[in-house]
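Open the model in your viewer and show it as a cartoon. We will go stop by stop.

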Amino acid sequence: MAHSPAISADPAEVFSQLKAGHQRFLEGHSIHPHTSRERLTEVAAGQHPVAAVLGCADSRVPVELLFDSGLGDLFVVRSAGNTAFTAAIGSLEYAVAHLGVTLIIVLGHERCGAVGAALDLSAKLSPSLAQVVGQVRMELLAAGAMDDLDKACRVNALHSAQNLADSSVLITDLLRQGRLQIQSGYYDLDTAEIDWLGAVQPTPVN
């Protein structure tokens, strides 16, 4: 995987690189790039990730491994349910504005615990977790996606990607200029395959 600054990278080409890395992972041919001591020294002086990923905190979704990437390749933000709250949005704005990232992937997954909790109206949750789950639940209710966990996980990934775009003027402007792409995907825990759900379109200017 290339490790030149991503500021000049074409987002479509970056996306193609990541999909190729995932295909190597699927086929059992991972090359585990950028894991040497030399790479460690190189990125200690500064980071130039090729893409950013908003993923779930779930331990079964190891983002760097899934895309066969190494030290300094991906700027990864993880939260329960891959939710786009303020901390995640601000972190990704940093990746875009200061690190030159041109592609953000929002990666949901099968049997997500946060989504499952959102579907369970009787779930007993701590106050902070209830805030996360409550946001997911409201969006799933609005989308009519409360009756099936698999569907809800996919809808949640799509909504997180759209929320990320709609909640940031910086990100929206770059999307409209064609200088940034946001792609959403759904990771299957059983097969390790990623079903790509599509690119986010910026909200039209009124």
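A residue counts as buried when its relative accessible area is under 20%, and as partly exposed between that and 50%. Keep in mind that this is a predicted model.

**Stop 1: phenylalanine 15.** Select this residue and show its side chain. Is it buried or exposed? Its relative accessible area is 9%, so phenylalanine 15 is buried.

**Stop 2: helix α1.** Now widen the selection to residues 11–27, which make up helix α1. The helix has 17 residues. From first C-alpha to last, α1 reaches 24 Å, close to the 24 Å expected at 1.5 Å a residue. Colour its buried residues: Pro11, Val14, Phe15, Leu18, Gly21 and His22. They cover an arc of only 120° around the axis, which puts them on the same side of α1. What covers them? The cover includes strands β1, β2, β3, β4 (181–187) and β5 (194–199), along with α3 (63–66). Step just past the end of α1 to glycine 28, where phi is positive, about 75°.

**Stop 3: the aromatic rings.** Show the rings of Phe15, Phe67 and Trp196; these form one aromatic cluster. The structure holds three aromatic pairs. Look at phenylalanine 15 with tryptophan 196: the ring centres are 4.9 Å apart and the planes stand at 85°, so this pair is edge-to-face. Phenylalanine 15 belongs to helix α1 and tryptophan 196 to strand β5, so the pair ties together parts 181 residues apart in sequence. Tryptophan 196 is partly exposed, with a relative accessible area of 25%.

**Stop 4: charges over rings.** The charged end of lysine 19 sits over the ring of phenylalanine 15, 4.4 Å from the ring centre. Arginine 154 lies over the face of tyrosine 186, at 4.0 Å from the ring centre.

**Stop 5: strand β1.** Select residues 51–56, strand β1. How many of its residues are buried? Six of six, so the strand is mostly covered. Next, bring in its partners. Strand β2 (residues 74–79) pairs with β1 in the parallel sense, over six bridges. Find cysteine 56 and look across to serine 79 in β2, which stands opposite. Strand β3 (residues 103–109) also pairs with β1 in the parallel sense, here over four bridges. To see one of them, pick alanine 52: its bridge partner in β3 is isoleucine 104.

Technical notes
Residues are numbered from 1 along each chain as its sequence is written. This is a predicted model: local features need pLDDT of at least 70, side-chain atom pairs count only at pLDDT 80 or more; totals for chains, interfaces and linings use all residues. Side-chain values use heavy atoms; hydrogens and water are left out. Buried means under 20% relative accessible area, exposed over 50%, partly exposed in between (1.4 Å probe, protein chains only). Helices (H or I, at least four residues) and strands (E, at least two) are DSSP runs, numbered from the N terminus. Two strands pair if DSSP finds at least two bridges between them. The expected span of a helix is 1.5 Å times one less than its number of residues. The arc is that of the directions from the helix axis to the C-beta atoms. Contact means heavy atoms within 4.5 Å. Rings of Phe, Tyr and Trp (its six-membered ring) pair if their centres lie within 6.5 Å; planes under 30 degrees apart count as stacked, over 60 as edge-to-face and the rest as tilted. A charge sits over a ring if NZ of Lys or CZ of Arg is within 6 Å of the ring centre and within 35 degrees of the ring normal.
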